[in-house]
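Please keep the sequence and the model in view while reading.

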Amino acid sequence: MATLNDYLLVSGLLFAMGLAGVVLRRNIIIVFMCLELMLSAANLSLVAFSRFNPAPNGLPDTNGQMLVFFVVTVAAAEVAVGLAIIVALYRARQTIHTDELTSLKG
Amino acid sequence: MNLAWILLFLPLAVAVANQLALKKTGLAPTLSVASALVTFVIAVLLLGKNETSHFAWATIGEFSINIGIKLDQLSTGMMIVVTGVGLLVHIFSLAYMKDDAAKARYFTGLSLFMFSMTGIVLADNFIMTFIFWELVGLSSYLLIGHWYEKDTAANAAKKAFLCNRVGDFGFMVGILMLWGITGHLAFDQMQAGLELFQKANPVFCGGVLSAAVLCIFCGAIGKSAQLPLHVWLPDAMEGPTPVSALIHAATMVAAGVYMLFRLQLTLGLENFEGLQASQFIAWTGGITSLVAALMATQQDDIKRVLAYSTLSQLGYMVMAVGLNSGEAAMFHLFTHAWFKALLFLGAGAIIYACHHEQDIWKMGGLLKKMPITGITFGIGTAALIAVPYVTSGFYSKEEILTAAYNHDKILFGIAVFVAFLTTFYMTRAFVVTFLGKTRSDQADHAHEVGPLMWLPLIILAGMAIGSAWIAGPLCAIDPRTHAQEHAHGHFVILGFSITALVLGLISGFVLYVGKNQDPLSIPLLKNRFYIDGFYDNFIVRYFQDAFASLIAFFDELFINGLMVGGLSRSAESVGNIFRRVQSGSLQGYAFCFGLGVILVIYFTAF
């Protein structure tokens, strides 16, 4: 039987992978996917907390699950917007590599 | 008492009205003349009053600075001189400045000057004296620089202001020292304060008082143009001639003498007996009178001759004050004001008639062309060279010679020699200007000036003769009542002064009658002992320039380098450091963001 710590460990690994991807990868689509990975890591830990913190009637805690639903919907909206931005960016610059997108450099 | 307040503030009100409202209307001259007339009438009404009144102007804790009026024989008598000469100068200016484009500004300046001068005369405490002292400096700057388009006039105004400021700094220090000694600023309370100080510190009281008096004397050196700050007065002749008559004959330059005598009366004359500072004052005056008279003998500009003669006469007065005979000084101030104003206005009339030609060698023969001016100028000359018994100048000069004779024989010798020189250079000026043939076209076309000009001349000529007799009714300080002092050595003094007069007249006539150019040429005197040159080439070059470069260095290093420039440079370099942060690399931002989140979590959770 998996314990809460196992879930949290997996969640932390996922989050670390996501963060590493965001920091290290150059392709914006990969970066974007890694962002989603970090969101998923957060969702996983929320669900785990919900499961291991039951309400008095024995059912899992609903607060965590509701929060996950919100995150999922917001992430879906974010993907829609983000992918649209990436498409627009590619049309403007013919590239989606972050090391070539440095016009904000001071 | 209300009259006195009106007397003080009317000229200010007129000056303000002139400047703010009446500039364009052409009413300004009339208003100024009317105010001068009213102040003169008030001054006459106030004769013989003995009152004080004041109000607090600025109060800081227990300390309060008053604006007050002190009426006594000294101030009411002096007011007659100031307002009387002022009125005549105003009237004369109406004609003299008729065609000037900036008449309104000129009359505003005159009114402002009358206000400041009235303030000095009526002041009942030293702070007020100082305030109006500075105002006189300002208004004389405005008047001397009236024709500011001319470089010489602008420079002369600057020079006058700066020389005065140099002296005024000492004056301020002196006032503060006196305040420290006596604990009071009002004239009426100072003597009591001084006595307390004397009782508490009998040993060094004399020395401290000497130092304070010398500092205050610095102010008089500046205003009354004594050596070594005399250089501004001859240059100030660049101003309109009526201004010279007002400022450099009757009022501003007399303020120093007036203030010194006021100081003596305030602290008690007996405290000045044998004071080292008094010696110093007397010798400064004596040397000034000698040096100025020597310089006057070789000047070609008629106004400069008069300017140096003013210096020399002021030296007389300062000497008399230093010899503890302030009454003689004030008496000479009183008579001198009238005849020197007469001489200056006469010179103004000549210059006006000769189309602004001022060189006496280009005049000549003017007595026939301008009889009224010539005769009144002659009367003024007679008063200045002290023709015995008929002129006022004789009586006052006699008093000063008596004072010198009784106190210091060397100073007496100097004074007699100065009397000889005075006669010599005034004879020279009169002979060259009025007798002989005309020596230029301008003088050829000269004709008598209008009544607005000769009327003041005639009144002043009357005063030049009569002022010694009406000194009593006019409340002027007149020392001639001290009969016993008068008897001692009287005939010796009279003999010396008449000899000086006769010798001066003879040498003047012999040397200058019928001459077309100066038979004497003494470069040392013509160049005014090279004092101006010394100031220009030494003080200005080495002191001022060194000082300027020091200030420039300070400015560059501290103001520009450290404060203003330093701030901007540090802001720039900090900005440069933080510019690196804006790397434009998305991953860098993300990394920092992640790091930040980790740190926040670390600090909140653990």
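## The two chains

Chain B holds 25 helices and 2 strands, and the model in which we see them is a predicted one. Along its principal axes, the C-alpha trace of chain B spans about 110 × 65 × 50 Å. Of the 606 residues in chain B, 52% count as buried, and among its contacts between residues at least 6 apart in sequence, 82% join residues at least 24 apart.

Chain A has 3 helices and 0 strands, which gives the pattern α-α-α when the chain is read along its sequence. Its radius of gyration is 18 Å, well over the 13 Å that the globule rule gives for 106 residues, so chain A is more spread out than a compact globule. The C-alpha atoms of chain A fill a box of roughly 55 × 25 × 25 Å along the principal axes. In chain A, 15% of the 106 residues count as buried, and 49% of the contacts between residues at least 6 apart in sequence join residues at least 24 apart.

## Where the chains meet

The contact between the chains takes 10 residues from chain B and 12 residues from chain A. On the side of chain B that touches chain A, the largest share, 5 residues, comes from helix H25 (residues 586–605) of chain B.

In soluble globular proteins, nonpolar side chains tend to be buried together. The largest nonpolar core in this model has 201 residues, of which B:Val257 and B:Ala341 touch the most other members. Helix H14 (residues 326–353) of chain B gives the most to this core, with 20 residues. Leaving aside residues up to four places away in sequence, B:Ala341 touches B:Val85, B:Leu88, B:Val89, B:Ala245, B:Ala249, B:Ala250 and B:Leu460.

Helix H7 (residues 187–200) of chain B has 14 residues, which at 1.5 Å a residue should span 20 Å, and its end C-alpha atoms are 21 Å apart, which agrees. The buried residues of H7(B) are B:Phe187, B:Met190 and B:Leu194. Seen down the axis of H7(B), these buried residues fall within an arc of 35 degrees, so they line one face of the helix. An α-helix has 3.6 residues a turn, so residues three or four places apart point the same way.

The buried residues of H7(B) pack against strand E2 (63–71), helix H6 (151–182) and helix H11 (252–267) of chain B. On the face of H7(B) turned away from its buried side are the exposed residues B:Lys199 and B:Ala200.

## A covered helix and what follows it

Helix H13 (residues 302–322) of chain B, with 21 residues, reaches 30 Å from its first C-alpha to its last, close to the 30 Å expected at 1.5 Å a residue. H13(B) is mostly covered, since 21 of its 21 residues are buried. Just after H13(B), B:Asn324 takes a positive phi of about 65 degrees.

B:Gln279, which is found in helix H12 (residues 276–296) of chain B, is 44 residues from B:Leu323 in sequence, yet their C-alpha atoms are 7.1 Å apart in space. With 15 C-beta neighbours inside 10 Å, B:Gln279 counts as partly exposed.

Note on methods: Residues numbered from 1 in each chain as written. Chains lettered and ligands numbered in written order. Predicted model: local features only at pLDDT ≥ 70, side-chain atom pairs only at ≥ 80, totals over all residues. Helix = DSSP H or I, 4+ residues; strand = E, 2+ residues; numbered from the N terminus. Rg over C-alpha atoms; globule rule 2.2 N^0.38 Å. Buried ≥ 20, exposed ≤ 12 C-beta atoms within 10 Å, placed from the backbone. Contact = placed C-beta atoms within 7 Å. Expected span 1.5 Å × (residues − 1). Core = buried A, V, L, I, M, F, W, Y, C linked by C-beta atoms within 7 Å. Arc of directions from axis to C-beta.
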